[in-house]
Amino acid sequence: MTANTPGTPAEHRTTRPPTPGTGSLAERRADGPLPLGDSPGTAAEQGSPAPGDSPGVAAEQGPPNPGDSLRSRAERDARPSAPGTGVGACAERRAEGASAGGSAPGAPASRRDAPHTTPGTPAGAFGERSADGVPAAGASATAVGEHRPGGNPVTGSALGAPVERAEGRLKVSGLARYAAEYTLPGRAHAWPVPAAIARGRVTAVDTAAALALPGVLAVLTPDDAERLAAPEDATLAVLQGPRVPHRGWCVALAVADTPETARAAARAVRVTYAAEPHHADLDPERPDAYEPEETNAGFPGRVEQGDPEAAYAAAEVRVDVTYRVPPLHNHPMEPHTSTVDWDGDQLTVYTSSQGGTTVREVLAQMFGLPEDRVTVVTEHVGGGFGSKGTPRPDVVLAAMAARRTGRPVTLAYPRRYLPTTVGHRAPTVQRLRLGANPDGRLTAVLHEVTTHTSRVKEFVEQAAVPSRVMYATPALLSSHRVVPLDVPSPSWMRAPGEAPGMYALESALDELADALGIDPVELRVRNEPEREPESGKPFSSRHLVECLREGARRFGWAGRDPRPGMRREGPLLVGTGVAAATYPAAAVPATATARALPDGTCAVRINATDIGTGARTVLAQIAADALGVPLGRVRAEIGHSDLPSAWLAGGSMGTASWGWAVHEACAELASRLAVHAGPLPADGIETHADTAGRADADSPYARHAFGAHFAEVAVDTVTGETRVRRLLGIFAAGRILNARTARSQFTGGMTMGLGMALTEHSTLDRAFGDFTEADLASYHVPAHADVPAVEADWIDEDDPHLNPMGSKGIGEIGIVGTAAAIGNAVHHATGIRFRELPLTPDRILTGLLSEG
């Protein structure tokens with residue numbers, strides 16, 4: 001297969017994007033940093049950036065006015081703390097309704113209104129040194145790297161402030177370009193043809209009608225598509241043979257001048273199949289069900305401690321219940337999209353991915369290229385929720401189509417095709433058996449999960465893993481069984497494992513509280529472990545009890561009538577519920593560089609990906625903090641594979657991993673600048689950091705974030721509709737690095753948990769092996785009217801065993817436990833226990849009618 005077809009116009013070829021930090025963006029910065037809130041490429045100044053522009057949007061959210069003081073850590077630590085925490089709780093409130101602890105150490109509410117940094121005005125440029133060699137102004141009161149006894153490095157004031165997103169103006173003005181918006185000269189468009197059977201093989205593909213349409217360039221089929229090296233992820237082996245492992249598998253690809261023509265061509269393709277019997281029903285009793293050695297994320301498939309069966313049988317109080325969670329879909333706002341261009345053997349990819357480094361590695365392996373011949377740009381990504389964590393078929397198909405046609409090709413997967421193509425949260429059937437003494441102390445926890453996987457590759461949702469972390473018990477069984485089916489491959493979805501697993505565990509614990517006649521908050525407190533139950537390791541920090549106590553105080557839990565079905569408002573039944581939350585706190589190695597320039601700015605470079613979380617802004621804050629300079633003097637360059645390599649945005653490890661490398665690079669740079677005499681060289685001074693061997697080192701501590709959710713619901717006895725009136729989440733997640741973006745992550749996760757509880761579900765049709773809810777008209781995500789005033793806050797948590805910032809991941813813990821809190825509130829309102837999600841009106845009304 002040749003890279004270019006004969007007669008390809010020369011103007012169709014495009015040059016490789018320059019290395020980040022060079023070219024137009026660097027030129028635009030020649031006059032120094034921009035004011036707070038200004039970004040390169042605003043409508044008035046820059047217009048739409050060219051493909052070669054640096055991917056790094058500067059973190060221009062300049063610092064508060066140097067005259068504004070932040071409360072020091074010492075002042076914060078002097079506040080009264082919750083019992084036993086040693087850290088400030090949420091009792092102190094800001095005027096906007098968030099906790100004093102919620103603003104990072106020392107960021108008052110007025111910080112968001114702080115004056116902008118004006119170009120050239122801040123003192124302390126890297127080229128201007130005081131007599132002792134340190135920055136003339138803006139430096140931290142404590143030298144970078146200095147440690148308080150038993151604590152993390154004392155860092156500067158930028159870290160923790162509620163800074164607005166650096167790229168915000170670009171996004172709201174439409175100038176932030178996503179993968180489909182790179183209009184390269186001569187660009188063509190591709191449209192996939194999904195398989196119409198659930199299992200079998202393709203026997204013939206008739207492309208004549210499609211190729212006869214004006215503007216159609218090619219139709220790729222399993223017979224003539226380029227043969228690629230076998231990928232580790234078998235879902236990427238598209239058009240490599242006639243086998244059809246599930247409905248929706250790509251069996252052909254139409255390429256044309258416009259997306260409309262490509263779509264018409266795809267619909268004109270006629271595919272003949274030899275269908276085979278298929279199985280798409282999750283049945284725990286299937287004979288081919290098996291217990292996996294490992295689940296997703298490498299957790300053991302089974303953990304057993306003590307004699308759980310005997311302990312449960314001997315328990316004075318027992319609960320034996322089964323909870324069901326249906327298949328769920330990620331549905332990010334931006335569909336999975338790639339724009340790909342070949343220039344000889346140089347491959348350039350603009351893709352919607354959570355990790356450009358991984359995309360580069362996979363494409364190089366599959367197409368037989370050195371990695372330095374593959375350039376991947378992921379400057380702006382419109383969400384992913386896990387479904388873009390690794391490459392998906394769009395990027396492979398687009399690369400194949402571009403090589404076939406000799407033209408740049410964009411493939412934007414239609415939303416209706418996403419459920420069968422990009423992964424889903426696998427359904428789970430979870431049996432919980434809890435044994436306890438009359439005083440509420442657990443004596444046995446048995447959490448047994450059955451889920452499905454595809455026949456393409458194994459993926460096991462680790463839903464039983466939270467039981468290994470949450471509560472003290474002398475006898476524990478946490479196990480998984482997986483059923484291989486002829487279904488699309490499941491994959492990551494926000495908080496894989498924890499989201500469904502904690503729904504079942506926290507619901508069962510609520511049932512145990514009812515059986516015991518003990519308050520649900522108190523029951524959780526009584527079973528607080530001193531060490532992690534599975535490993536026996538001490539926790540690096542664990543303030544779940546403080547989250548429960550503070551949440552109960554704020555929610556007014558003490559005034560709750562514990563009796564179900566007692567609070568009525570006309571036809572409405574009103575109830576409240578609680579659930580705990582947890583998510584692992586981890587990091588992986590990353591690399592980064594920091595360069596001080598003579599104009600007083602600093603460029604921080606790392607191939608991180610901002611999928612809408614505010615990562616590029618937070619990384620700039622980490623850099624400014626470590627350097628001791630105003631935030632307006634730092635720009636963060638991310639989203640380009642020519643930058644120092646880094647882990648993908650996933651597993652709540654992105655900022656912890658990237659920030660560690662950025663902090664180290666900037667700390668080293670600060671040390672070098674402190675001893676540097678005279679002006680800086682023309683190309684500045686650069687340092688490099690690689691956290692391998694530290695970020696991935698074994699820890700003697702169990703590291704997790706924790707939280708508590710409280711919900712109030714009203715259930716309509718006439719329609720069966722459930723409305724959430726209040727949601728409150730209190731979290732203990734290490735040091736909060738940006739109060740504004742953190743609150744957004746927490747409340748976003750809680751809203752997603754609300755959808756999991758009330759509206760979101762997908763049905764696998766047994767006969768067709770397909771998801772019947774394939775778009776946002778049938779798969780119901782929460783709308784504005786569904787979402788109340790969601791409140792999220794946090795306690796100050798100082799954990800010296802994590803990373804230099806003392807931070808924990810916060811992108812996923814918000815969804816964990818929310819569905820259980822809502823479900824428990826529905827039970828409290830109605831007196832009926834519903835054990836299958838979502839709690840839709842038909843399900844609720846059926847339960848109400850059955851109870852008379």
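Contact means heavy atoms within 4.5 Å. Helices (H or I, at least four residues) and strands (E, at least two) are DSSP runs, numbered from the N terminus. This is a predicted model, in which local features need pLDDT of at least 70 and side-chain atom pairs count only at pLDDT 80 or more, while totals for chains, interfaces and linings use all residues. Residues are numbered from 1 along each chain as its sequence is written, and side-chain values use heavy atoms, with hydrogens and water left out.

**Figure 1. Helices H9 and H15 meet.** Helix H9 covers residues 498–516. Its axis and that of H15 come within 8 Å and cross at roughly 35°. Axes are lines fitted to C-alpha atoms, for helices over the stretch in contact, and angles run from 0 to 180 degrees between N-to-C directions. H9 passes H15 in a right-handed crossing. A crossing is right-handed if the near helix is turned clockwise from the far one by less than a right angle, and left-handed if anticlockwise. From H9, the residues in contact are Met502, Tyr503, Glu506, Ser507, Asp510 and Asp514. They meet Ala819, Ala820, Asn824 and His827 in H15.

**Figure 2. H14 also packs on H15.** Two packed helices are described by the angle between their axes and the distance between the axes. For H14 and H15 (residues 818–830), the angle is about 50° and the axes are 7 Å apart. H14 and H15 are therefore oblique to each other. Angles under 35 degrees count as roughly parallel, over 145 as roughly antiparallel, 65 to 115 as roughly perpendicular and the rest as oblique. The crossing of H14 past H15 is right-handed. Met750, Gly753, Leu754, Met756, Ala757 and Leu758 belong to the H14 side. On the H15 side are Thr818, Ala819 and Ile822.

**Figure 3. H7 and H8 cross.** H7 spans residues 356–367, and H8 spans residues 393–405. Their axes lie 11 Å apart, at an angle of about 50°. The two helices are therefore oblique to each other. H7 passes H8 in a right-handed crossing. Val359, Leu363, Met366 and Phe367 come from H7. Their partners in H8 are Val395, Val396, Ala399, Met400 and Arg403. The charged end of Arg403 also sits over the ring of Trp342, 4.0 Å from its centre. A charge sits over a ring if NZ of Lys or CZ of Arg is within 6 Å of the ring centre and within 35 degrees of the ring normal.

**Figure 4. Aromatic rings pair up.** Rings of Phe, Tyr and Trp (its six-membered ring) pair if their centres lie within 6.5 Å; planes under 30 degrees apart count as stacked, over 60 as edge-to-face and the rest as tilted. By this rule the count comes to 8 aromatic pairs. Phe731 and Phe746 form a stacked pair, 4.3 Å centre to centre, with 5° between the planes. This pair links distant parts of the chain: Phe731 is in strand E23 (residues 722–732), and Phe746 is in helix H14 (residues 739–758), 15 residues apart. Phe731 counts as buried because its relative accessibility is 0%. Phe746 is buried too, at 0%. Buried means under 20% relative accessible area, exposed over 50%, partly exposed in between (1.4 Å probe, protein chains only). Elsewhere, Phe555, Trp557 and Phe710 form one aromatic cluster.

**Figure 5. Glu686 sits in strand E21.** The strand covers residues 685–690. With 32% relative accessibility, Glu686 counts as partly exposed. Leaving aside neighbours within four places in sequence, Glu686 is in contact with Thr593, Ala594, Arg595 and Arg672. The C-alpha atoms of Glu686 and Ala665 are separated by 8.6 Å. These two residues are 21 apart along the chain.

Figure 6. Most residues other than glycine have a negative phi, and most peptide bonds are trans. Phe385 has a positive phi of about 55°. It lies in the loop between strand E11 (374–377) and H8. At 29% relative accessibility, Phe385 counts as partly exposed. Ser652 also has a positive phi, near 55°. Its loop runs between strand E20 (634–637) and helix H13 (654–675). Ser652 counts as buried, at 12% relative accessibility. The peptide bond from Leu837 to Pro838 is cis, with omega near -5°. Pro838 is in the loop between H15 and helix H16 (841–850).
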